[in-house]
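Work through the exercises below with the model open beside you. Try each task before reading its solution.

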Amino acid sequence: MLEVQNATKRFGGLVAVNQASLKVEAGSITGLIGPNGAGKTTLFTLISGFEKPSEGGVLFEGEDISSDEPHVRARRGIARTFQIVQPFAGLSVLENIAVGAHLRHAKRSDALARAERVGQRVGLGPELDKSASSLTVAGRKRLELARALATEPKLLLLDEVLAGLNPSEIRDIIPVILAIREEGVTILMIEHVMQAVMNLCEQVYVLAQGRIIAEGPPADVCDDPKVIEAYLGAGAAERLKREKVHA
Amino acid sequence: MYSPAIIAEAVVNGLMTGAVYALIALGLTLVYGVLHIINFAHGALLTAAMFAVWLVYEALGLDPYLAILPLTPLFFGLGYAVQRFVIGPASHGNDSNILLVTLGLSIVIENALLAGFRSDTRTLNTDYGFQVVEFGPLLLSKPRLIGFGAAILVTVLLWLLLSRTDTGKAIRAVAKEKFGASLVGIDVAHVYAVTFGLGCACLAVAACLLMPTFYVNPRIGQAFVLVAFTIVVLGGMGSIPGALLGGLFIGFVESLCGLFLGDSLGQIGIFLIFILVLLVRPTGMFGAKA
Amino acid sequence: MTFRDIAPIVVLIALLALVPAFISANTVLNFLVFTLIIALAAQGWNILGGFGGQFSFGHAAFFGTGAYAAALLQVRLGINPWIAFAIGTVAGAAVGWVIGYLSFRSGLRGSYFALVTLAFAEVLRILANAATFTGGAAGVLIKLDVRPGNFQFESRGAFFWIALALVGAVLLLTGWIERSRFGAQLVAVRENEAAAKALGVDTLRVKLGAITISGAVTAAAGGLYAQYFLYVDANIAYGTWISVEAILAPIVGGLGTVFGPLVGAVALHGLGEITKLAAGSVPGIDLMVFGGLLIAAVAFAPAGILGLLRRSARSRGAARNA
């Protein structure tokens, strides 16, 4: 469904993403993990169109969308959430979601009805009439999710929707994500909460210093020495293995 | 066509006016660079300073150049108070609010001057107002030459203040990262007010330099404020060397446009440059970062 | 829009339409017509600034275009004033689109957008002041020829009704915007442009739509001004005073609300008249009050007069429930 081909993004002299390629199969939940500053969010901005790649391209359903503006990609069916939540602070929760729903529904009443259903589904039902700025962190994350869902996407890009949540909030939201996939929405997620990645993702890509250094099912990737070293530093994999032997 | 001498004289006159423009723009760019706000009241504050010069001359017989001594600290204090007690608290730290508050201030100041001084245009009758200096084939106005030198001197002094003194370091720290500055114990609200005060002090000096050859009425600031914005945008918001170069350039352009297009169309060159720079490169032409 | 949205607007306009039946003093009607013209200009500003969050400091560009088009088309080309007025409104929309296209394409926002609109208005002012076609600094005088077909009326009441009808029409238009997809997207752009884009909002198109409508409405106010006073010059039509008036009324009345500009314009000018009566003929005293009110509104009442009313209504309701 989504294919990133050798995408490179430079900011001045800094290469944030370097020759990264990945594929997301329709109907899957794919994870994108990597240490802080690896370029995960930059890769997301290339997919969602907020930045254009310096080299390489992005294919969606077989079409090259590299030069499309973000709103055009949204129309094609790509929705994203923001790592740093971006609510429309002056609007109510329902109105926030309705902006997303308006993408496919021109009439105000249709959009509001749609927004209400989406809001209920992600568990924002009791909060719909409150101001978006009054939500808790967990509420704002749900709002990000709801707004993106309201655009009725085919591909949902989730940028750390679990970050900043406590364990019980994470437990509450994981079934929501699974249910979204059950309805046929493909998901690509950046996530640091490894437990969630292990439970949710079929396929994982590991980004370090702008490069994809590993890919595969989550369990395999976690044992990959390259991945361990990317997180813990050179020689860490070797040390861990030795410690395991000694123990 | 005009003779080379006339054109040369226009160029030199333009540069001399430009230096005073630069001084006006200096206050604006300093405030922008540190507070990241566009001060719409800048023009009205200049008008107030010009009236102050006129008033001390008429009432006390104080020479405009001597008036620099009392008026500069007075306007520093005024600017300090305005930022600390009006703009800061009223805008709640929101950018578009600051824009509106300074707009409101400019309306209040301008119309207070109108109420106090009426709409008459006033000038100073100094005995040196029309003196000229011969400079090769050119005849240059003596007070404008003084204005040119003094404006450049003040620019250099301000630059030294910012780069060499502790106050300057605090100001630059706040300009770069106000949160970090507050963490190391810098009183950000105080630095903001000092910066605004310095901006107003520049206006006081500019007013003293302008008045021997210029006139004042309650609306005069409007003519200057857009010119000053143009210079600031051209020179790069927040850049002091940029303001000086931008000021000289705008003085030059205005003078030549005035020569070739006539007085009524003369200013249009400035605004077209302004619009073009904003549309093409809003970070300025002289390389300061936005 | 539903009946519930339309009814209060219709009732308000119907009530206001009765005013000339009770008041025939020319000074009062003069004041009312002028206030309505300001309200109309401010309604235009509010669509872009209040709903879209793009603060223009140069709405004089539209007001002046409407005023000059109305005046010049009939004086120089002999076009019927009603048609000239309509063309002026369209011209305002066109100027809005052009300024919007240039500035929004370059990504200008916030203070930069404010500055560039101010500069556009100044360029137009200087051009109008210098060109011979526009009558230069002397301005354009529309010949007195009192016929309804000529957009000139015996009584000021007729003008009052026309201005009121236009204000009412824009109230309905704004009410529609508030309840439409366009409005929802416009408000989303104001609140957070990046988030709006991610949700599929074509932010450039939405902003262009807003500035085009905004330009048309404010140009209509300009056309009305020219037709009422039968005179236009550069400092009136393209002067900063009208840009400031257009900003003040919505902020004092209630930014981004349907009734805000009208409430603000009436409150400001009402207070201005009272101040003038109290302070005598001191020039600028009313504007001083306006400037002070602007600062006070930003500092203490960010939702304007309507926000204050709503807040006090709510606290009174709460007191009753307690």
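Predicted model: local features only at pLDDT ≥ 70, side-chain atom pairs only at ≥ 80, totals over all residues.

Residues are numbered from 1 along each chain as its sequence is written, chains are lettered from A in the order in which they are written, and side-chain values use heavy atoms, without hydrogens and water.

**Exercise 1. Describe the contact between chain C and chain A.**

Step 1. Count residues in contact (heavy atoms within 4.5 Å). Chain C gives 18 and chain A gives 23.

Step 2. Take the buried area (accessible area, 1.4 Å probe, that two parts lose on being put together, summed over both). The two chains bury about 1,700 Å², with 66% on carbon and sulfur atoms. Arg181(C), Ala198(C) and Leu199(C) supply 36% of the area that chain C buries against chain A.

Step 3. Look for salt bridges (a side-chain nitrogen of Lys or Arg within 4 Å of a carboxyl oxygen of Asp or Glu). Between chain C and chain A there are zero.

**Exercise 2. Which residues touch the most other members of the largest nonpolar core?**

Step 1. Define the core: buried (under 20% relative accessible area, 1.4 Å probe, protein chains only) Ala, Val, Leu, Ile, Met, Phe, Trp, Tyr and Cys residues joined through side-chain atoms within 4.5 Å.

Step 2. Among its 193 residues, the answer is Ile24(B), Phe229(B), Phe57(C), Leu115(C) and Leu224(C).

Step 3. Inspect Phe57(C). Its contacts include Phe40(B), Leu99(B) and Ile247(C).

Step 4. Find the second, separate core. It has 46 residues, including Ile33(A) and Val221(A).

Note on methods:
Buried < 20%, exposed > 50% of the residue type's maximum accessible area, 1.4 Å probe, protein only. Lists of a residue's contacts leave out its neighbours within four places in sequence.
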